[in-house]
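Work through the exercises below with the structure open beside you. Try each task before reading its solution.

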Amino acid sequence: MKKKKARLQLIKSIIREHVVGCQEDLAKLLADEGIVVTQATLSRDLKVLRITKVANSEGTYMYVLADNVYDSRGVQPEGDRQSGQSGFISLDFSGNFAVIKTRNGYASGLAYDIDMAGLDEILGTIAGANTVFAVLRDGTTHRRAVRALSVIIPELGEAE
C-alpha cells in the first residue's frame, strides 16, 4: 500500500511540474524516478486521482489534476473561469433538461458524481468535454433540481 501511495503522490507531482500529453510520456517520467508501471496500472491511477486531459493554448492535450485551475506553466486555459473542484461554470434549464457548463475536461467527472449520488430528481446524465446534459424526473421543478444538484455542486447552494 505504501508503494501505491508514493506512486500516486509522484504522479501528482509530475502532472503539476510537466506538460504531459499521454500515458506513455507519464510512464517514461515515472521510470526516470525508478517507478515502472503497466499501462493498466497507470490508467487506474489516473482515474483514482481524477486526472483528466484538457486542451491547452498550443492546441495539444495535457493532463491536469481535477482541482487544478492552471496548467503547468501557470497559465489559465482560454475561456475557463475559476471555480470549485467541480469545474462548474453555469446551469441552465429547458423544460425537463438541465445543461451544466464546466471547465474543459470536468464534465465527465461531474456527470459521474451526479449519477452516483442517486438523486431522485435526476434520471441520468450525458457528458461531453465541458457540458453535462441531465434529464430531470417528471414533476421536478427547476428549483428542486438546483437544491438537489447543490449537494454535488456547492456553488449552486451559494446562489440561492
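The model is predicted.

**Exercise 1. The hairpins**

Task: State how many residues lie between S5 and S6 in the hairpin that they form, and describe the pairing of strand S5 with S6.

Solution. 
Step 1. S5 and S6 make a hairpin, and three residues lie between them.
Step 2. Strand S5 covers residues 122–127, and its pairing with S6 is antiparallel, over five bridges.
Step 3. Two partners can be found by name: Ala127 has Val132 of S6 as its bridge partner, and Thr125 stands opposite Ala134 in S6.
Step 4. Turn to the hairpin of S3 and S4, where two residues lie between the strands and Gly95 takes a positive phi near 60°. Ser94 has Phe97 in S4 as its bridge partner.

**Exercise 2. The sheet**

Task: Give the order of the four strands in the open sheet and name the edge strands.

Solution. 
Step 1. Strands of a sheet pair through backbone hydrogen bonds, in either a parallel or an antiparallel way.
Step 2. S3 and S4 run antiparallel and are joined by six bridges. Within this pairing, Leu91 stands opposite Ile100 in S4.
Step 3. Strand S4 (residues 97–102) and S6 also run antiparallel, joined by five bridges. Here Ile100 has Val132 in S6 as its bridge partner.
Step 4. With the pairing of S5 and S6 over five bridges, the order of the open sheet is S3-S4-S6-S5, with antiparallel pairing.
Step 5. Strand S3 (88–94) and S5 each pair on one side only, and these are the edge strands.
Step 6. On average, neighbouring strands of this sheet are turned by 20° against each other, direction ignored.

**Exercise 3. Two faces of a strand**

Task: Sort the side chains of S4 by the face to which they point, then sort those of strand S6 into a covered and an uncovered face.

Solution. 
Step 1. The side chains alternate along S4: Ala98, Ile100 and Thr102 point to one face and are buried.
Step 2. Strand S6 (residues 131–136) has Val132, Ala134 and Leu136 on its covered face. Thr131, Phe133 and Val135 make up its uncovered face.
Step 3. Helix H5 (residues 142–149) lies across S3, S4, S5 and S6, and runs at about 155° to S3.

**Exercise 4. The aromatic pair**

Task: Find the one aromatic pair of the whole structure and say which strands hold its residues.

Solution. 
Step 1. A search of the whole structure gives one aromatic pair.
Step 2. The pair consists of Phe97 and Phe133, with 5.0 Å centre to centre and 25° between the planes. The pair counts as stacked because planes under 30 degrees apart fall in that class.
Step 3. Phe97 is in strand S4 and Phe133 in strand S6, so the pair ties together parts 36 residues apart in sequence.
Step 4. Phe97 counts as partly exposed because its relative accessibility is 37%. Phe133, with a relative accessible area of 33%, is also partly exposed.

Definitions and conventions. Residues numbered from 1 in each chain as written. Predicted model: local features only at pLDDT ≥ 70, side-chain atom pairs only at ≥ 80, totals over all residues. Heavy atoms only, no water. Buried < 20%, exposed > 50% of the residue type's maximum accessible area, 1.4 Å probe, protein only. Pairing = 2+ DSSP bridges. Phe/Tyr/Trp six-rings, centres within 6.5 Å; stacked < 30°, edge-to-face > 60°. Axes fitted to C-alpha atoms, helices over the stretch in contact; angles between N-to-C directions. Contact = heavy atoms within 4.5 Å.
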